[in-house]
Amino acid sequence: MQGSRASGEVPVWDLLVRLFHWGLVLLIAITFVADEGAKWLHEPAGYAVLGLVAIRLAWGLIGPPTARFASFVRGPHEVGQYLERLRRGSAPRYLGHNPAGGVMIVLLLATISVVGITGWMSESDAWFGVEWVSALHSASANVLLVLIGAHVLGVVISSFAHHENLVRAMITGRKSAGLAADSALIGEEDIGAPTRDRVPRDAPIR
Ligand code: HEM
Ligand code: HEM
């Protein structure tokens, strides 16, 4: 822990979460592009997306603290409070996902699952040619596009609000220890807690 504090950064996103994220981005991009041109790629990429989501769901239960759903999926009250504070410019910083990010992650994973499963169904013997299955596949893919836009906007807003490059953190896996400068840094109970409430903004990094 001493070593990571010396560089002022702490590990936040483990390798699996990062590979999952950027793999998902790549494969979903392929499914959309391959819908137009290279059709043969659409289905394998779609199945791979489903595989990634299944792994992430399991990791959300057994993975390290920042990856666990229990550490970042919050109820409506806490999400509402966070959004209100964000509007007033006083949103607390979280080392893991913030409550609004948690909602977005649940929506993204759920929508991706609907798109993938209806795609799979539309090619199965039982559901082939069933109108509503194809309609749901295409409608949920459109919803997914909107959510992705909102997700990227949320990342940009959150990065500015807390003066930190969240995209870089999702690549390197590390975030500035900054506000969470105390020792039990990545204690399980701390991950889902706003860091500013525990440590003053300008607390020195020891
Ligand atoms: C296909 C498009 C995308 C999908 C489906 C997607 C999905 C997700 C998911 C599911 C997470 C949660 C990660 C986890 O805990 O496992 C996440 C987090 C994140 N994504 Fe994306 N993402 C997409 C595109 C992007 C892009 C283009 C960027 C960069 C601009 C980005 C930046 C991030 C960042 C920075 C986080 C962490 C947010 C935080 O610090 O709380 N994502 N994304
Ligand atoms: C999870 C990622 C996936 C995404 C984002 C996605 C997205 C899309 C999109 C945007 C379309 C065009 C819809 C339209 O023309 O209105 C489409 C069509 C299609 N997709 Fe997918 N898809 C995914 C997974 C799958 C999977 C796993 C399969 C099957 C194994 C599949 C099979 C199809 C088929 C057969 C079509 C054309 C007929 C139809 O609309 O039902 N897709 N997909």
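A: Let me begin with a definition: helices and strands here are DSSP runs, a helix having at least four residues and a strand at least two, and they are numbered from the N terminus. With that in hand, and bearing in mind that this is a predicted model, the elements of the protein can be read from the N terminus on as α-β-α-α-α-α-α-α-α-β-α.

Q: How many helices and strands does the protein come to?

A: Its secondary structure is made up of nine helices and two strands.

Q: And what percentage of the residues in the protein are buried?

A: Of the 206 residues in the protein, 22% are buried. As for contacts, if you take those between residues at least 6 apart in sequence, 64% of them join residues at least 24 apart.

Q: OK, ligands next. Which residues come nearest to ligand 2?

A: There are 21 residues around ligand 2, and the ones that come nearest are Gly-46, Gly-116, Gly-119, Ser-134 and Ser-138. The elements that give two or more residues to this shell are helix H2 (15-36), helix H3 (39-62), helix H6 (99-122) and helix H7 (131-161).

Q: Which of them has the largest share of that shell?

A: That is H6, which provides six residues of the shell around ligand 2. Sorted by class, the shell around ligand 2 holds nine nonpolar, nine polar and three charged residues.

Q: What about ligand 1, which residues come nearest there?

A: Around ligand 1 there are 20 residues, of which Ile-28, His-97, Gly-101, Leu-166 and Met-170 come nearest. At least two residues of this shell come from each of H2, H6, H7 and helix H8 (166-172), and H2 gives the most, with six residues.

Q: How do the residues of that shell divide by class?

A: The shell around ligand 1 has 15 nonpolar residues, together with four polar and one charged.

Q: Switching to packing: at what angle do H6 and H7 pack?

A: H6 and H7 pack at an angle of about 155°, and their axes are 9 Å apart. Angles over 145 degrees count as roughly antiparallel, and H6 and H7 are therefore roughly antiparallel to each other. Their crossing is left-handed, and the contact of H6 with H7 has 15 nonpolar and 10 polar residues, with no charged ones.

Q: And how do H3 and H6 pack, what's the angle there?

A: The angle between H3 and H6 is about 140°, with their axes 9 Å apart, and that makes H3 oblique to H6. The crossing of H3 and H6 is left-handed.

Q: Which residues in H3 and H6 meet?

A: On the H3 side they are Gly-46, Val-49, Leu-50, Val-53 and Arg-56, and these meet Leu-109, Ile-112, Ser-113, Gly-116 and Gly-119 in H6. By class, the contact of H3 with H6 divides into five nonpolar residues, four polar and one charged.

Q: Can we zoom in on single residues? Is Val-114 exposed, partly exposed or buried, and why?

A: Val-114, which is found in helix H6, is partly exposed, because it has 16 other C-beta atoms within 10 Å, a number that lies between the limit of 12 or fewer for exposed residues and that of 20 or more for buried ones.

Q: Which residues is Val-114 in contact with?

A: If its neighbours within four places in sequence are left aside, Val-114 is in contact with Leu-136 and Ser-140. There is also Ala-139, which is 25 residues from Val-114 in sequence and 10.0 Å from it in space, C-alpha to C-alpha.

Q: Then Val-25 and Ala-29: where are they found?

A: Val-25 is in helix H2, and Ala-29 has its place in helix H2 as well. Val-25 is exposed, because it has 12 other C-beta atoms within 10 Å, and Ala-29 is exposed with 12 of them within 10 Å. The C-alpha atoms of Val-25 and Ile-148 are separated by 9.7 Å, although these residues are 123 apart along the chain, while Ala-29 and Ala-45 are 16 residues apart in sequence and 9.2 Å apart in space, C-alpha to C-alpha.

Q: Last one: what is the phi of His-163?

A: His-163 has a positive phi of about 50°, although it is not a glycine. This residue lies in the loop between H7 and H8, and His-163 is exposed, because 9 other C-beta atoms lie within 10 Å.

Terms used. Residues numbered from 1 in each chain as written. Chains lettered and ligands numbered in written order. Predicted model: local features only at pLDDT ≥ 70, side-chain atom pairs only at ≥ 80, totals over all residues. Near = placed C-beta within 6 Å. Nonpolar A, V, L, I, M, F, W, Y, C, P; charged D, E, K, R; others polar. Axes fitted to C-alpha atoms, helices over the stretch in contact; angles between N-to-C directions. Parallel < 35°, antiparallel > 145°, perpendicular 65-115°, else oblique. Left-handed = near helix turned anticlockwise from the far one by under 90°. Contact = placed C-beta atoms within 7 Å.
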